[in-house]
Amino acid sequence: MNLKEQLTIYKKMTQLEPRKTQIQETVRRSEEIFFQSELKGQLSYHEFLWAQLRVIQKRWWLLQFLLLLALWAVLAAGYEGKYVQRGMGIMASLFVILIIPELWKNRTSQSMEIEAVCYYSLRKIYAARMLLFGVADIFLVAVFCQAVSAGLHIELTELVVQFLLPLSVTSCICFGTLCSKHNFSEASAIALCVLWSAVWLCIILNENVYEKVAFPVWLGFLGLAFACLAAMVYRTLKCCNNYVELSFDRMEVG
């Protein structure tokens, strides 16, 4: 018997048959240990919110604050008080426009595909940003309305009609445009907001129209605008995965 035959016989004698049950158990245990190690380093939702807050550029909130401060200064100056107050709708539209570059910057930078495969889904990223912007903007608007109402003695009804109503309609335009099925750019949303501001200014400066519409009607329009805004925000969170090239619904982790 030559060396080659001896090696062949030895190989057959020492060859181990794989045990499928043990292999499957090893794979299962490996997956379990891997997921446990991943969960230890996983961000909680509060930490995720804090991370999103750090990512947001605070200059937009600063610009919104300066815009409201400038509007308060103009109102305090009292130049042609009636028409200055009715021009608050222009500032309200600008206030909303300032959230566009930051809230939708992932579409501009084309990073949505990357965000969609993260542990926190694209829907959760949008929800976190909207929550942070909502809290900040509600705080700024509440402080502004309180300062104007108490310090300048402008009635709350005037603020509802001339500031909050155009602000909510502008928000509807932004969400409706940028979260539609069609691929509108941020410039398109800004252009529509500016057009709405011009239309609103024409309406509010028309004495025949402004004086004939009762406050309950304006309040109804405001409620309708808030309802539309809530529906559009819901549609944004529900359909945000459709904004990328492919749908990532199946890739979302619970």
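**View 1. His 153 sits in the loop between helices α10 and α11.** In this predicted model, helix α10 covers residues 122-151, and His 153 turns up in the loop that links α10 to α11. Take a look at its backbone: phi of His 153 is near 60 degrees, which is a positive value in a residue other than glycine. Most residues other than glycine have a negative phi. Is His 153 buried or exposed? With a relative accessible area of 69%, His 153 counts as exposed, because the cut-off for that is over 50%.

**View 2. Helices α11 and α14 pack together.** Here you have α11 (residues 156-178) alongside α14 (residues 215-239). Two packed helices are described by the angle between their axes and the distance between the axes. For α11 and α14, the angle is about 25 degrees and the axes lie 9 Å apart. That makes the two helices, α11 and α14, roughly parallel, because angles under 35 degrees count that way. Their crossing is left-handed. What kinds of residues make up the contact of α11 with α14? They split into 18 nonpolar, 5 polar and 1 charged.

**View 3. Helix α12 has its buried residues on one face.** This helix runs over residues 186-204, 19 residues in total. From first C-alpha to last, α12 reaches 27 Å, close to the 27 Å expected at 1.5 Å a residue. Its buried residues are Glu 186, Ala 189, Cys 193, Trp 196, Ser 197, Trp 200 and Ile 204. Seen down the axis of α12, these buried residues fall within an arc of 110 degrees, so they line one face of the helix. Over on the other side of α12, you'll find Ala 187, Leu 195 and Cys 202 exposed.

Note on methods: Residues are numbered from 1 along each chain as its sequence is written. This is a predicted model: local features need pLDDT of at least 70, side-chain atom pairs count only at pLDDT 80 or more; totals for chains, interfaces and linings use all residues. Side-chain values use heavy atoms; hydrogens and water are left out. Axes are lines fitted to C-alpha atoms, for helices over the stretch in contact, and angles run from 0 to 180 degrees between N-to-C directions. Helices (H or I, at least four residues) and strands (E, at least two) are DSSP runs, numbered from the N terminus. Angles under 35 degrees count as roughly parallel, over 145 as roughly antiparallel, 65 to 115 as roughly perpendicular and the rest as oblique. A crossing is left-handed if the near helix is turned anticlockwise from the far one by less than a right angle, and right-handed if clockwise. Ala, Val, Leu, Ile, Met, Phe, Trp, Tyr, Cys and Pro count as nonpolar, Asp, Glu, Lys and Arg as charged, and the others, Gly among them, as polar. The expected span of a helix is 1.5 Å times one less than its number of residues. Buried means under 20% relative accessible area, exposed over 50%, partly exposed in between (1.4 Å probe, protein chains only). The arc is that of the directions from the helix axis to the C-beta atoms.
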